[in-house]
Each structure stands twice: as C-alpha cells, then as structure tokens.
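Work through the exercises below with the model open. Each task is followed by a solution in steps.

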Amino acid sequence: MDTDNDTRRRLILAVMASDGDPAAQALRAWERLVEHLSPLIGEAGYCALYGRALQLVAPEYPWLTASQPRQAAPALLLNLRENLSSIDPVDAGKANIALLDAFSRLLSGLIGAALTTRFLHNAWADAPEGKRNAQ
C-alpha cells in the first residue's frame, strides 16, 4: 500500500524527471509551489519554510544557500537558480530534490501528509514535466 510520504516523494521525482536544464526545472517547480501555497500559508510562511529547508540540506549541499536571510520569494528563487546553474547538472538535480523533499516534509508537519500531497499534485500536475508518473 502506498503511503502519503511515498506519493509525495514520487511527485518530487516526477517533476524533476525531465531531460531539460535542472536549474530551469527547479525554478518552474518552485514557482508553481509559490503560486499554489502562498494563498494558504502566505509568502512569508513560504519563505520561512524554504529557509528552513535550506538549513536542513546545507550540510550535504553547502553551496546551496540564500544570499540574505530574509528575502522575498522571487529573490529566493533567483538565488536558487544561480546556485544550481553554477554546478554540475547532476549535482544540481540531486540538491533540488533534497531541497524539495525537506520543504515538503516541513509542510507536511504543519498541514499533514495527505494535504501536502494534494497541494504538490495540484501545483505540478498540469506542468508538462509533472504529468508523467505523478499519479
């Protein structure tokens, strides 16, 4: 039987499973999360979760950082793109998957696994890269 955490992880892997530029894919995935989650948790809540997720993955990916502690979502995403564009594409993809996983685990702790999975699916299901393997 599939758990909500397994589904959440599959959604993350599906949205990043394209052959395109990992930095561009990452940015699209995060932009869609901002669009879908900001009405629920606010931009400040989104940025706080994103900042905490960065802290959680920093030991494994120390180059993946925010340039300033309190940035708006567009600035955070621009910084992420710069970070991911500056390294090997394989490492960029792994780092972004780890960051998405940390972010979604934090969100799940706040609103529950089932609702988090639903929000991820809604955010990414209509994206071309999210249609494959997302169900």
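The model is predicted, so local features need pLDDT of at least 70 and side-chain atom pairs count only at pLDDT 80 or more, while totals for chains, interfaces and linings use all residues. Residues are numbered from 1 along each chain as its sequence is written, and side-chain values use heavy atoms, with hydrogens and water left out.

**Exercise 1. Overall make-up**

State how many helices and strands the protein chain has, and what share of its residues is buried.

Step 1. The protein chain has six helices and zero strands. Helices (H or I, at least four residues) and strands (E, at least two) are DSSP runs, numbered from the N terminus.

Step 2. Read from the N terminus, the order is α-α-α-α-α-α.

Step 3. Of the 135 residues, 44% count as buried. Buried means under 20% relative accessible area, exposed over 50%, and partly exposed in between (1.4 Å probe, protein chains only).

Step 4. Among contacts with a separation of 6 or more, 73% join residues 24 or more positions apart. A contact is a pair of heavy atoms within 4.5 Å.

**Exercise 2. Packing of α2 against α3**

Find the angle and the axis distance between α2 and α3, and classify the pair.

Step 1. The angle is about 150° and the axes are 9 Å apart. Axes are lines fitted to C-alpha atoms, for helices over the stretch in contact, and angles run from 0 to 180 degrees between N-to-C directions.

Step 2. That angle makes α2 roughly antiparallel to α3. The classes are roughly parallel under 35 degrees, roughly antiparallel over 145, roughly perpendicular from 65 to 115, and oblique for the rest.

Step 3. The crossing of α2 and α3 is right-handed. A crossing is left-handed if the near helix is turned anticlockwise from the far one by less than a right angle, and right-handed if clockwise.

Step 4. The contact includes L27, W30, V34 and Y46 of α2, and L76, L77, L80 and L84 of α3.

**Exercise 3. The two partners of α5**

Describe how α5 packs against α4 and against α2.

Step 1. α4 and α5 pack at about 130°, with their axes 7 Å apart. This makes α4 oblique to α5.

Step 2. The crossing of α4 and α5 is right-handed. Residues that meet include L100, L107 and I111 in α4 and L115, F119 and W124 in α5.

Step 3. The axes of α2 and α5 come within 9 Å and cross at roughly 125°. This makes α2 oblique to α5.

Step 4. α2 passes α5 in a right-handed crossing. Among the residues in contact are L33, H36 and L37 of α2, and L120, N122 and W124 of α5.

**Exercise 4. Aromatic rings**

Classify the pairs W30–Y46 and Y61–W63.

Step 1. The structure holds five aromatic pairs. Rings of Phe, Tyr and Trp (its six-membered ring) pair if their centres lie within 6.5 Å; planes under 30 degrees apart count as stacked, over 60 as edge-to-face and the rest as tilted.

Step 2. W30 and Y46 are edge-to-face, at 6.5 Å centre to centre and 75° between the planes. Both residues are buried.

Step 3. The ring centres of Y61 and W63 are 6.0 Å apart and their planes lie at 75°, so this pair is edge-to-face. Y61 is buried at 11% relative accessibility, whereas W63 is partly exposed at 29%.

Step 4. W30, Y46, Y50 and F103 form one aromatic cluster.

**Exercise 5. Two single residues**

Are N79 and A14 buried or exposed?

Step 1. N79, in helix α3 (residues 73-85), has a relative accessible area of 9%, so N79 is buried. Its C-alpha atom is 8.9 Å from that of L64, 15 residues apart along the chain.

Step 2. A14, in helix α1, has a relative accessible area of 2%, so A14 is buried. A14 and W124 are 110 residues apart in sequence and 9.1 Å apart, C-alpha to C-alpha.
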